[in-house]
Amino acid sequence: MLSGVIYTARDAAHKRLVQALEGGGELPFDLGGQTIYYSGPTPARPGQVIGSAGPTTSARMDVYTPPLLAAGVRAVIGKGGRSTAVKEALQQYKAVYLAAVGGIGALLAQCVKEAEVIAYPDLGAEAVRRLVVADFPAIVASDIYGEDLYVRVNAEYRRGG
Amino acid sequence: MREIKAADITRTVANLFQEANFVLGRDVLTALKAAEKSEESPLGREALGQIIKNAGVALKAQLPLCQDCGSAVVFLEVGQDAHVTGGDLYEAVTRGVRQGYAQGYLRKSMVGRPFSARENTGDNTPPVIHADIVPGNHLKITVMPKGGGAENMSRLAMLKPADGRGGIIDLVLRTVAEAGGNPCPPLIIGLGVGATSDQAMLLAKRALLRQLGAPSTDAEVAELEEEILTRVNGLGVGPLGFGGSTTALAVHAEVRPTHIASLPVAVNLQCHSARHKEAVL
């Protein structure tokens, strides 16, 4: 269960963040010690903090992840397996990959207490949002020791095939 | 000749897309509840429990089940004696998508210039429309908000006739195993076999509209569906790839005659948030 501040960013925002890191451009927020959540929420209805806000497929962010970890990101939240390069970077920079259940955006929206667009508003659903979450359910999928939940459980439950 | 007004088409499409995004189909919910009971993995059961709970929250709060409100796929069955008045049919559908995605606070997920600028079109258009002309004077509209995750893990293979039944099974198993948790299992697997490449992919997507778990009316195809389902569930991918015995809820196969040189096999994956609604005008 996660409580605290996380920042949403997915495909388009990752591309811009890494471009900023590589080109020496300005980052919209200090990455040091932060948690990134791969999510592009639906628009909030009037009176709602946020719309539906579940995780998107992490593999699409694989190529952008090692530089962000090098820049200080300590945890990333998404769904599905990661590449070897990402798992190695997680070990190298002592960061974790957390998996949230995909497709439960309405339920996860209830865990979001505050939400604010803080960068790239032109990206709409893909903008960077600062979220304050309480009791957000996620499990450790890849840790600082190179353990991969997805690999371990698949071996456990495979039969015949 | 029966007249069907473009404005009625627009309003219907708008309502159907909202309903599809907020209300999970009863057949899907029933299958998920049964899966929660039979699932071997504790983590898998927990994930299924959250999925079921999510359906309740979405319905009550009028929140989309999933934040990915999908590409707007629309199937039209146009009776050949129906006459659309007051506007262009496809334009009426497009207006309906625009209105529905705005009124329902649904996510706008379409981008233009897909290999360069990738700029959001702002209103979730253009829709993907498939139309069939059929006997009758009605217009049947089926909407399927199709999420990108499962769609991305879909596959087409132009097999050799010699690859045969075994080749079809191997393709599906490889597709599901390689996709892992990415398409958000438990899946509904749409399979299109035969015809040409384009028709095979369309058959696979249409197959997702079938009542969940209803077998093919062709005994030989039904046997193939059942064998694939059992073997897919033996892969151990499990709910959301967390490991378990429920990787797919159903396999629906649509098979057509094909060229003497060909065995086209299309696999279209549907995630557990299997959303489609229909109406007849």
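Q: A residue is buried if 20 or more other C-beta atoms, placed from the backbone, lie within 10 Å of its own, exposed if 12 or fewer, and partly exposed in between; what share of the 161 residues of chain A counts as buried?
A: By that count, 48% of the 161 residues of chain A are buried. In chain B, buried residues make up 48% of 281 residues. The model is predicted, and local features need pLDDT of at least 70, side-chain atom pairs count only at pLDDT 80 or more, and totals for chains, interfaces and linings use all residues. Residues are numbered from 1 along each chain as its sequence is written, while chains are lettered from A and ligands numbered from 1 in the order in which they are written.

Q: Why is the radius of gyration of chain A said to agree with that of a compact globule?
A: The radius is taken over C-alpha atoms, and the globule rule is 2.2 Å times the number of residues to the power 0.38. For 161 residues the rule gives a value near 15 Å, and chain A has 16 Å, so the two agree. The C-alpha atoms of chain A fill a box of roughly 50 × 40 × 25 Å along the principal axes.

Q: How many helices and strands does chain A have?
A: Helices (H or I, at least four residues) and strands (E, at least two) are DSSP runs, numbered from the N terminus. Chain A has five helices and seven strands, in the order β-α-β-α-β-α-β-α-β-β-β-α. Chain B has eight helices and twelve strands.

Q: What percentage of contacts in chain B between residues at least 6 apart in sequence join residues at least 24 apart?
A: Two residues are in contact if their C-beta atoms lie within 7 Å. Among contacts in chain B between residues at least 6 apart, 81% join residues at least 24 apart; in chain A, the corresponding value is 61%.

Q: How do you know that the span of α3(B) agrees with its number of residues?
A: The expected span is 1.5 Å times one less than the number of residues. For the 20 residues of α3(B) this gives 28 Å, and the end C-alpha atoms are 28 Å apart, so the span agrees. The buried residues of α3(B) include Gly44(B), Leu48(B), Ile51(B) and Ala55(B). What covers the buried residues of α3(B) includes α4 (105–109) of chain A together with α1 (6–22) and α2 (26–38) of chain B.

Q: Why is Gln62(B) called partly exposed?
A: Gln62(B) has 15 C-beta neighbours inside 10 Å and therefore counts as partly exposed. Just after α3(B), Gln62(B) takes a positive phi of about 50°. Gln62(B) lies in the loop between α3 (42–61) and β2 (71–79) of chain B.

Q: What makes Arg113(B) exposed?
A: Arg113(B) is exposed because 8 other C-beta atoms lie within 10 Å. Arg113(B) is not a glycine, yet has a positive phi of about 50°.

Q: Why does His259(B) count as exposed?
A: His259(B) has 11 C-beta neighbours inside 10 Å, so His259(B) counts as exposed. The C-alpha atoms of His259(B) and Pro161(B) are separated by 9.5 Å, although these residues are 98 apart along the chain.

Q: What is the omega of the cis peptide bond that joins Pro185(B) and Pro186(B)?
A: Omega is about 10° there. Pro186(B) is in the loop between α6 (164–179) and β9 (187–195) of chain B. The peptide bond from Thr125(B) to Pro126(B) is also cis, with omega near 0°.

Q: How many residues does the contact take from chain A and from chain B?
A: The contact takes 37 residues from chain A and 44 residues from chain B. On the side of chain A that touches chain B, α4 and α5 (149–157) of chain A give two or more residues, and α5(A) gives the largest share, five residues. Ala, Val, Leu, Ile, Met, Phe, Trp, Tyr, Cys and Pro count as nonpolar, Asp, Glu, Lys and Arg as charged, and the others, Gly among them, as polar. By class, that side has 14 nonpolar, 18 polar and five charged residues.
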